[in-house]
Amino acid sequence: MKITIVGTGYVGLVTGACLAEIGNDVLCLDVDPKKIEVLNNGGIPIHEPGLKEIIDRSRAAGRLQFSTDVEAGVAHGDVQFIAVGTPPSEDGSADLNYVLAAAREIGRHMNGFKIVVDKSTVPVGTAQRVHETIRTELARRGAAYGFSVVSNPEFLKEGAAVEDFMRPDRIVIGVDADETGHRAREAMKRLYAPFNRNHDRTLYMDVRSAEFTKYAANAMLATRISFMNELANLADSVGADIESVRRGIGSDPRIGYHFLYAGTGYGGSCFPKDVRALIQTGAENGHALRILDAVEAVNDAQKHVLIHKIVERFGEDLNGHTFAVWGLAFKPNTDDMREAPSRTLIRGLLERGARVKAYDPVSMDAARVAFAADLDASPDERARLTFVRTEGEALPNADALLIVTEWKAFKSPDFAALRTALKTPIVFDGRNLYEPATMLEQGFEYYAIGRALPP
Ligand code: NAD
């Protein structure tokens, strides 16, 4: 099938590459000429395991193109995916300017029947607005092409995006109940058939429910994280081990083991903004979403949990102290720094006068950009932050090691070497990577999240 992807970010690029990999003829559009240039030169603007290989293969086979030419781009696809960003507005609601701009471009340049697919995460009612926007553009042109707007939210996880797209748990498709909706449903069925060989994973529903499903999923996952973080903080106070508690409750199939890890709070481009957007949708409709208010408040507080522990240990004034930080990306296997807990932690350390030596296996470039923006107004703080090239380089002269992202490479370090390299053998582990008793035995002072040893 001929596919156009409008917006070549994490979701658009993965969607385009995966749909090309299975044989479709895909054109990815973006307004950012630098991004398109990188892709056209054989590079890749993001880190995502397995993505480069499938992009290279499909480009070589002539099934995947990248362009900034909107007119030709829109003309290309019978199916137009909108995969642009939906960042938070000031009041927390999803900013739909990019989505509606993409809809306008489609309306302006479409040259026949098109199926327009909202892949971006958008609030309930957005498909209708996309529909109206395209209709207005067509009317302005005096054109009368048919089209249908489908909701097909994306559930991929950064860091495992290709795998998730290729082997989805479910494919949610919201279509209208009219004739064009039926036509769109048949086209989507055909497009996704290769992902359904083993069994049909597609859930068809009305458009509004599909839009809602994406927010409901992210809100539930964020709730599990905040729930465990809140219990972990209590476990610290009462001398219980949240890891034992996690296994104790996860073994109940009604609860399950997934997404019950305590840590330094959730970050990334999705959970924070989607929770806020759903709260805002609630407010607009007269429903206070009290659980989600709490989920967000708990998460904001949790991003400071390591700082509180550090201040408790070293005092409020951290002048003269140096900290090694392992892990900057908001989670492993990605270079995404959006709303990463490391940003809150490092700012907190620098504000208190500390020096920081920071390392991440893949997000160093993205981290430099993120901290340059965060510390724009504080050259003094900026000067106290150093990025190093290896985890080992972060350790000499450090008063403690802080672990913020659970990269595999951090899971089993040479503890003897670590103890010797640090100025003082102190570890603040924001991801509960190690066993407290073992760390104690090995001569470390060890602080984790909710892992107090019994009194
Ligand atoms: P992103 O910021 O990485 O990419 C968006 C891209 O759209 C950018 O490259 C931008 O230049 C481009 N763009 C903006 N306006 C455009 C226009 N008019 N025409 C063409 N290109 C345009 O965003 P993302 O992380 O890929 O997220 C996209 C959407 O998918 C969001 O709604 C997000 O919530 C949702 N989503 C993201 C993830 C994730 O893990 N990142 C997962 C599921 C859903």
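**Contacts, core and active site**

Biologist: Which residues is V325 in contact with, leaving aside its neighbours within four places in sequence?
Modeller: Happy to start there, and do keep in mind that this is a predicted model. V325 has its place in strand β9, residues 322-326. Beyond four places in sequence, the contacts of V325 are S342, I346, V356, A358, Y359, A394, L402 and V404.

Biologist: By what distance are the C-alpha atoms of V325 and V404 separated?
Modeller: V404 is among the contacts of V325. Along the chain these two residues are 79 residues apart, yet the separation of their C-alpha atoms is 7.1 Å.

Biologist: Does V325 count as buried or exposed?
Modeller: A residue with 20 or more other C-beta atoms within 10 Å is buried. V325 has 30 C-beta neighbours inside 10 Å, so V325 counts as buried.

Biologist: Which residues touch the most other members of the largest nonpolar core?
Modeller: That core has 125 residues, and the ones touching the most other members are I82, V325, L401 and L402. Its largest share, ten residues, comes from helix α9 (residues 207-238). At least three residues come from each of domain 1 (2-205) and domain 2 (303-447). To name the four again: I82, V325, L401 and L402.

Biologist: Where does C270 lie, and which residues is C270 in contact with?
Modeller: The unreviewed UniProt entry annotates C270 as "active site". C270 lies in the loop between α10 (242-250) and α11 (271-284). C270 is buried because 25 other C-beta atoms are within 10 Å. Leaving aside neighbours within four places in sequence, the contacts of C270 are T121 and N218.

Conventions. Residues numbered from 1 in each chain as written. Predicted model: local features only at pLDDT ≥ 70, side-chain atom pairs only at ≥ 80, totals over all residues. UniProt positions renumbered as here; feature names shortened; annotations may be inferred. Helix = DSSP H or I, 4+ residues; strand = E, 2+ residues; numbered from the N terminus. Buried ≥ 20, exposed ≤ 12 C-beta atoms within 10 Å, placed from the backbone. Contact = placed C-beta atoms within 7 Å. Core = buried A, V, L, I, M, F, W, Y, C linked by C-beta atoms within 7 Å. Domains from an automatic or database assignment.
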